[in-house]
Amino acid sequence: MVHAVVASHAAEQMRKRGISEQQVREVLALQEEIVEVRPGRVVVQAVIPVGDPSTNYLVRVFVDIDRTPPQVVTAYRTSRIAKYRSIS
């Protein structure tokens, strides 16, 4: 899923939320957890360090996988890691 394209809406949301495309690509490459939201859409998420000094955040990337190439529709980060993780 590393080759997913970033929709213009997603790029705008990422910019507003201070998430770089590089961070999104890192999450898509790591794929620590993939959760199906509905048929054709998944959330790919991973914990990555953000900022300086770095703090670990869970970055959640919503991807429509029912198209070729897959399309990133939005992304956000949260410090509430345990709330969204189903793996330890």
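## Salt bridges

A salt bridge here is a side-chain nitrogen of Lys or Arg within 4 Å of a carboxyl oxygen of Asp or Glu. In this predicted model, local features need pLDDT of at least 70 and side-chain atom pairs count only at pLDDT 80 or more, while totals for chains, interfaces and linings use all residues. Residues are numbered from 1 along each chain as its sequence is written, and side-chain values use heavy atoms, with hydrogens and water left out.

The salt-bridge count comes to eight. In one of them, Arg-85 pairs with Glu-32, the closest N and O atoms being 3.3 Å apart. Arg-85 lies in the segment after α3 (81-84) and Glu-32 in the loop between α2 and β2, 53 residues apart. Arg-85 is buried (under 20% relative accessible area; exposed is over 50%, partly exposed in between; 1.4 Å probe, protein chains only), at 18%. Glu-32 is partly exposed at 34%.

## A linked network

Salt bridges link Arg-38, Arg-41, Asp-64, Asp-66 and Arg-67 in a network. Arg-41 meets Asp-64 at 2.6 Å, N to O; Arg-41 is in strand β3 and Asp-64 in strand β4, 23 residues apart. Asp-64 is buried at 4%, and Arg-41 is partly exposed at 21%. Asp-66 meets Arg-67 at 3.2 Å, N to O.

## Sheet

Helices (H or I, at least four residues) and strands (E, at least two) are DSSP runs, numbered from the N terminus. Strands pair if DSSP finds at least two bridges between them. Five strands form an open, mixed sheet in the order β1-β5-β4-β3-β2. Seven bridges join the antiparallel strands β4 (residues 55-64) and β5 (residues 71-78).
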